[in-house]
Amino acid sequence: MKKKLLYSSLLAFSLIGFSACNSFLDENPKDQMPEEEAYKSPELIYLNTVANLYTQIGASDGGNGLGGTDRGLYDIQTFTADEAILPIRGGDWEDGGLWKRLYQHKWDKSEAPFKSTWDYLYRVIGLSNQSLDKLNSLIEADPENIYLPVYKAEVQAIRAMYYYYLLDCFGRVPIVEKSDIQISDVKQAERKDVFDFVRKELQEAAPLLSASNSSKEGEYYGRMTRPVAYFLLAKLALNAQVYSDNSWTDNNGAPNGSTDFEMNGQNVVCWDAAIAYADSITALGYKLASTFSANFSVGNETSPENIFTIPMDPTKYNAQFYYIIRTVHYAHGKAYSIDGWNGASATKDLLTAFRKSKNDPRLELSFYTGKVNGADGQPVMDGDVELEYKPDAIAVDVSGATEEKTAGARWKKYAIDPSAQQAGKLQSIDYVLFRYADVLLMKAEAKIRKGLNGDAELNEIRERVGADVFSNAGLSEVLDERARELSWEAVRRQDLVRFGKYTTTVTTDGRTSAPFRNVFPIPHDVILLNKNLTQNEGYE
């Protein structure tokens, strides 16, 4: 038997999460059909090579999914940055010191969230490779079939998205393009090689993808479409100096790679590429929603701003959403008939960023910061007193403090769905992965890095919420604006790395860091299984 381990343990293929095609999957599971039946029509080919991959983007258990659950990709991007903290509250959230280590930049190579993230990302890449191998064989047998290249492009772009996350988190990772590769043949690529691979794959796939908005209900709901590929390409261009830097431990952690970006067969400055991809998204009809909260409310599939979402529905899909219940106080959750785990809170650094901004309501729109009312409009009671969150009392360990259970502002950005099931885990509000506000912020930053003025894009975002506008904003204003607009949307770590601040500004609450932590360690179990792989510098 050939060994085909791409991740740290043999994992059985199970259909978890969501799919816009979920009902078809229930009716026609591939493993219950003869091979010749599974691929005899375009519809069945799509179902068994493309649609099954979408069941993996959301998740119903921790460590899996691009968003919604815990101890996986979202958590290592969010709780290692300066915006979120899971403080120890007496006997709660100690968890062997995990959250404290992540927040203080003292993690090691054996942390469970790194392993679960690696396993998840490579599992979906492995499934994508199976689909691509099958599609390539079908194309070879039927080269005139007009559907097959389109299906291939969709899978190719999905796989590229997963490699994008590996590139961002782990830097030096194996590029595996076949499903039958043996573990002895799995080699580690340098970060720039992975960067070039992801860029090439997305650029090849994009022209064949539908231009449809995948956040809208319909045929392309929840799918990889051209604007999603453009968004990822804009991210690659904006972060080119990070992703092309194979020696991230030098230069005091500031990105020191090339600003070259290959586009349309020629090298351009990466900032120009980021602007071009941003403009391409604008040309497809995306714009800001009329209100900030419309992107995160019940019915957010009607938002003109959301570009890529995980479709959520308590009765149709299995994808779960933990983040509201993980943040709110027990009494707060009970008042809305959901769980309350009384945990995740905004940091003092994030509060400072919000408070710098004049006439800006986004702190109150994004976080509960004081007394709260329940679903009935009455004050939430914590025993005999009204529940009141204390934002400025937050610390890495609040055990024994008067505010032990109430310290910290709690996430409010997503509405609490009254139709939610499983104690709030299953909701009807789609989880937003990419949205147009980020496109405007990327364009503003790229313009400023070119020496141009980015006020127009920044002020479009600020004017929506009634905040005072900028005049000749610089990069520091961009970074703060990204913190305010995109708080807890799993982009802050990447932003800090790009600005050279992820490790150099970690000085509070016992946090210390070093440039090698700009990437995470290759999980220790993976290194043990494959002797071809070497550990990232600093984690040996």
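**Exercise 1. Helix α9**

Determine how many of the 13 residues of α9 are buried, and compare the reach of this helix with the expected value.

Solution. Begin with the terms: helices (DSSP H or I, at least four residues) and strands (DSSP E, at least two) are runs numbered from the N terminus, while buried means under 20% relative accessible area, exposed over 50%, and partly exposed in between, with a 1.4 Å probe and protein chains only. By that criterion twelve of the 13 residues of α9 are buried, so that the helix is mostly covered. The buried set includes Pro227, Tyr230, Phe231, Lys235 and Leu238. For the geometry, the expected span of a helix is 1.5 Å times one less than its number of residues. Helix α9, residues 226-238, reaches 18 Å from its first C-alpha to its last, which is close to the expected 18 Å.

The coordinates are a predicted model, in which local features need pLDDT of at least 70 and side-chain atom pairs count only at pLDDT 80 or more, whereas totals for chains, interfaces and linings use all residues. Residues are numbered from 1 along each chain as its sequence is written, and side-chain values use heavy atoms, with hydrogens and water left out.

**Exercise 2. A positive phi in another loop**

Locate histidine 105 relative to α5 and α6, and decide whether histidine 105 is buried or exposed.

Solution. Histidine 105 lies in the loop between α5 (98-103) and α6 (112-141). The phi of histidine 105 is near 60 degrees, a positive value in a residue other than glycine. With a relative accessible area of 2%, histidine 105 is buried.

**Exercise 3. Salt bridges and what they connect**

How many salt bridges are counted, and which parts of the chain does the pair of arginine 159 and glutamate 201 tie together?

Solution. Side chains of opposite charge can pair when their charged atoms come close. The criterion is a side-chain nitrogen of Lys or Arg within 4 Å of a carboxyl oxygen of Asp or Glu, and the count comes to 44 salt bridges.

- Arginine 159 and glutamate 201 meet in a salt bridge with an N to O distance of 2.8 Å. Because arginine 159 lies in helix α7 (residues 148-170) and glutamate 201 in helix α8 (residues 191-205), the pair ties together parts that are 42 residues apart in sequence. Arginine 159 is buried at 4% relative accessibility, and glutamate 201 is buried with a relative accessible area of 4%.
- Arginine 464 and glutamate 305 form a salt bridge whose closest N and O atoms are 2.4 Å apart. Arginine 464 belongs to helix α17 (residues 455-465) and glutamate 305 to the loop between α11 (270-283) and β4 (306-310), so this pair ties together parts that are 159 residues apart in sequence. Arginine 464 is buried at 16% relative accessible area, and glutamate 305 is buried at 0%. Salt bridges that share partners join Glu305 and Arg464 into one network, whose members include Asp360, Arg362 and Lys413.

**Exercise 4. The whole chain**

What radius of gyration would a compact globule of 540 residues have, and what value does the protein chain have?

Solution. The radius of gyration is taken over C-alpha atoms, and the globule rule is 2.2 Å times the number of residues to the power 0.38. For 540 residues a compact globule would have a value near 24 Å, and the chain has 23 Å, which agrees. The C-alpha trace spans about 70 × 50 × 50 Å along its principal axes. The chain has 20 helices and ten strands, and buried residues make up 59% of its 540 residues. With a contact defined as heavy atoms within 4.5 Å, 70% of the contacts between residues at least 6 apart in sequence join residues at least 24 apart.
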